[in-house]
Every structure is written in C-alpha cells, then in structure tokens.
Amino acid sequence: MDDNVHELRPKVPDSEKITINLGFVDLGHVDLLVQEGFYSNRTDFIRTAIRNQIERHGEAVRQAVIRKSVDLGLRHLSRQDLEAARDAGEMLDIRVLGLASIAPDVTPELARATIASLTVLGGLHASAAVKTALTGRLR
C-alpha cells in the first residue's frame, strides 16, 4: 500500500529558529512578566513583542512591499516554472518577504539560467547545490 503513496509537495516548515542574546536585566524583566502571568513563557513574550513591532511599522512595510514589488508570504518555484522562463528567454528577478522555496528537482544549471537575482527577507529553502549556483545573485 505504501508504494501507492506519493508526496505531492514537500512539507515546508512554518517557522525558523533564531537565537538572540539579551542582557541579564532585559532577560530578568522578561522572566518577571512570565512569572506574573502576562506571558506563558519567554518565547510567547518574544513572539508577541515581534508581532507588536511589525504591527507598529505595518504601513511602512506595506508601502515598501508595493514599492519594491515584493511577493509577500510563500513563493515556490517549481522546475516547470523555471523551464517556462528559460523557454521564453526570461531571466527572473525574485523578491520575497516570507519564504522562497525552490523545488528539489531544480538543477543548478536551470537555476543559473533563469534566476538573475533572488532577494529573500525571511527564509530560503533550496538544495545546497542550487544555493551555491546562485552565489552572487542572492541578496
């Protein structure tokens, strides 16, 4: 039965782990707020603080997204997308705020032949070979 099951699209993680360094006083303030029940844990505090800052600057972000022609959210590039661009003689300038993913079956040669530049504010999921092929084009 397992022979008949095929993954249509690989599952993309919905978050990425980051590490930050905080001074002891700031960390103490966070721990106090957690202890007093304002937040369930440190991560809850940090996520809330980040979301509040994003909301605070929301209009500036919206204007920048429009001005820079940025795709907001997830941008997936399949082998078929890149082959179509290559066949049309197009080079792509890709700008993403969120997650850019390049399908695992995209070869380094196809990526080099079709992607003029790739700017990602967030995360990039692509094979190591494709990332290496795009060195100098990643911003």
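First, the ground rules. Residues are numbered from 1 along each chain as its sequence is written, and side-chain values use heavy atoms, with hydrogens and water left out. Since the model is predicted, local features need pLDDT of at least 70 and side-chain atom pairs count only at pLDDT 80 or more, while totals for chains, interfaces and linings use all residues.

Let me start with the sheet. Three strands form an open sheet in the order β1-β2-β3, with parallel pairing. Strands here are DSSP runs of E, at least two residues, and helices are runs of H or I, at least four residues, both numbered from the N terminus; two strands pair if DSSP finds at least two bridges between them. From one strand to the next the twist averages 45°; axes are lines fitted to C-alpha atoms, for helices over the stretch in contact, and angles run from 0 to 180 degrees between N-to-C directions.

β1 and β2 (residues 92–102) are paired in the parallel sense over seven bridges. Within that pairing, L74 has L99 as its bridge partner in β2, and R75 stands opposite A100. As background, side chains in a regular strand alternate between the two faces of the sheet.

Now the helix. α4 (residues 79–87) lies across β1, β2 and β3 and runs at about 85° to β1. Together, β1, α4 and β2 make a right-handed β-α-β unit, meaning that with the strands pointing away from the viewer, the path from the first strand over the helix to the second runs clockwise.

Leaving aside neighbours within four places in sequence, S78 is in contact (heavy atoms within 4.5 Å) with A103 and V106.

Last, the lining of the largest pocket. α2 (42–56), β2 and β3 each supply at least two residues of that lining. α2 gives the most, with six residues.
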